[in-house]
Structure formats: structure tokens, C-alpha cells
Amino acid sequence: MRLQRYLAQCGVASRRHAEELITAGKVKVNGATVTTLGTKIDPGADRVECEGRQVQPRPETEVWMLHKPRGVITTMHDPQGRRTVAQLVRSPGHRLVPVGRLDAATTGLLLMTDDGDLALRLTHPRWGVEKEYLATVEGSLNREEREALLEGVFVDGKTTRLAALASASGWGTPRPGQTRWLATVH
């Protein structure tokens, strides 16, 4: 197993940050400092240390369901000092990360986990996991607007294509002048 993946699985850091720890000389394998990315280890036989502390696999994976409130951003740290999802959850000994993103104005279910591989399998398009979003819209959407949404929405520098868009009449009553839509994204 690659060293940076092992560090991420053990909850030390994300894979990207684990790579930074390795290249900065803060990781040892069997007492020797390792600075080469891609170094392979045997988790059952090798002793891994990061910043002087032994790294060991977690006995259990944690997955939390968080109802993200409006005004909270989906990140672990914000240099601008805004309120983050990391400030809403505390799990001693576990580094929980958000699975996916909801923008600051959006409320709803957000999964948090300490299992980086699980987070990747749930969010990366190659795994084809569908996500559903309930959207309340001021006014209504005409046919052209619905077709434009199905063609794709530009979000965070990428075009996200909806797999389906349907009226969400069974999801409670919107305020007068609003409609609700259920969007499915691959």
C-alpha cells in the first residue's frame, strides 16, 4: 500500500496533505525518514510514524449524518474565518471530512466520515453514485428552463449534468409563488 494512502486511511490527513508531510520529512517507516512519494509499505509489518507519533489503523470507520444549516460552509478550515462544518462535529481521535459539498446558502443532509476511500467512492463520478437535491424555486420553471438545467449547470469550474429533474409535489408545501423540484445528479 502507498504510504500516503495508509496515512489517509489512518486518519492522519487527507492524501494530499499526507504527501506534503512525506516530502517535508515528517514521516518515518521502520525508523527511517521517507521523503519519496509512492513509497510502498506493508501495513501489517511496517512501523509508521508521523511527527514522532506511531500511526495505526483505526478500529472502526465513523460516518455521521449532519444537517448542514444555512450560512455554514462545507470545508474543514476557512482562511476567511467563516463558520465551517468542522466546527459542528467533534469526534476525538477521528478526523471527519465532508462527503461532497453543499454551498453556504444550502441546508440539508451532509455525510461526514473518517474514511477517505469511502468519501472518494461516494463522490467521484467514476463510481456513478447518484445524488438527489430538493430545490425550492421562486416562481416556476418553464420547459426551456428545465431543458437548460438538464443540459448542465456550471458549478465550481465544472459543468454538472442532471440525470433527471422532476416536480417534487410530494415534499411538503412551498410558500406561495414557489415550486419544488427534485434533481438527480450522477
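**Core, pocket and cysteines in a predicted model**

Colleague: Which residues does Leu7 touch, not counting residues up to four places away in sequence?

Modeller: Leaving out residues up to four places away in sequence, the contacts of Leu7 include Val12, Ala13, Ala18 and Ile22. This is a predicted model, and the contacts are computed from its atoms.

Colleague: Of the 15 residues in the largest nonpolar core, which touch the most other members?

Modeller: The elements that give two or more residues to this core are α1 (3–9), α2, β1 and β3. Among the 15 residues of the core, those that touch the most other members are Leu3, Leu7, Val27, Val48 and Val55.

Colleague: How many residues are in the second, separate core?

Modeller: This second core is separate, and among its members are Leu66, Val85, Leu96 and Leu102. Its residues number eight.

Colleague: Which element gives the most to the lining of the second largest pocket?

Modeller: The second largest pocket, with a volume of about 210 Å³, is lined by Gly11, Val12, Ala13, His17, Leu21, Cys50, Glu51, Arg53, Gln54 and Val55. Two or more of these lining residues come from each of α2 (15–23) and β4. The element that gives the most, with three residues, is β4.

Colleague: Why does the count of disulfides come to zero?

Modeller: A disulfide is a covalent bond between the sulfur atoms of two cysteines, and the rule applied here asks for sulfur atoms within 2.5 Å. For Cys10 the closest cysteine sulfur belongs to Cys50 and is 10 Å away, which is too far for a bond. Taken from Cys50, the closest cysteine sulfur is that of Cys10, again at 10 Å and too far for a bond. The count of disulfides is therefore zero.

Colleague: Are Cys10 and Cys50 buried or exposed?

Modeller: Buried means a relative accessible area under 20%. Cys10 has a relative accessibility of 10%, while for Cys50 the value is 8%. Cys10 therefore counts as buried, and Cys50 likewise counts as buried.

Colleague: What is the phi of Glu51, and where is Glu51 found?

Modeller: Although Glu51 is not a glycine, its phi is positive, at about 50°. Glu51 is found in the loop between β3 (48–50) and β4 (53–55).

Colleague: What is the relative accessible area of Asn30, which has a positive phi?

Modeller: Asn30 is not a glycine, yet its phi is positive, at about 55°. This residue is found in the loop between β1 (27–29) and β2 (32–33). Asn30 is partly exposed, and its relative accessible area is 49%.

Colleague: Leaving aside its neighbours within four places in sequence, which residues is Pro174 in contact with?

Modeller: Pro174 lies in the loop between β11 (162–167) and β12 (178–185), and is partly exposed, with a relative accessible area of 21%. Its C-alpha atom is separated by 21 Å from that of Asp103, a residue 71 residues apart from Pro174 along the chain. With its neighbours within four places in sequence left aside, Pro174 is in contact with Thr179 and Arg180.

Technical notes. Residues numbered from 1 in each chain as written. Predicted model: local features only at pLDDT ≥ 70, side-chain atom pairs only at ≥ 80, totals over all residues. Heavy atoms only, no water. Buried < 20%, exposed > 50% of the residue type's maximum accessible area, 1.4 Å probe, protein only. Helix = DSSP H or I, 4+ residues; strand = E, 2+ residues; numbered from the N terminus. Contact = heavy atoms within 4.5 Å. 1 Å grid on protein atoms, 1.4 Å probe; cavity = no way out; pocket = protein on both sides within 12 Å on 5 of 7 lines; lining within 4 Å. Points joined across faces, edges and corners; volume = space filled by probe spheres on them. Core = buried A, V, L, I, M, F, W, Y, C linked by side-chain atoms within 4.5 Å.
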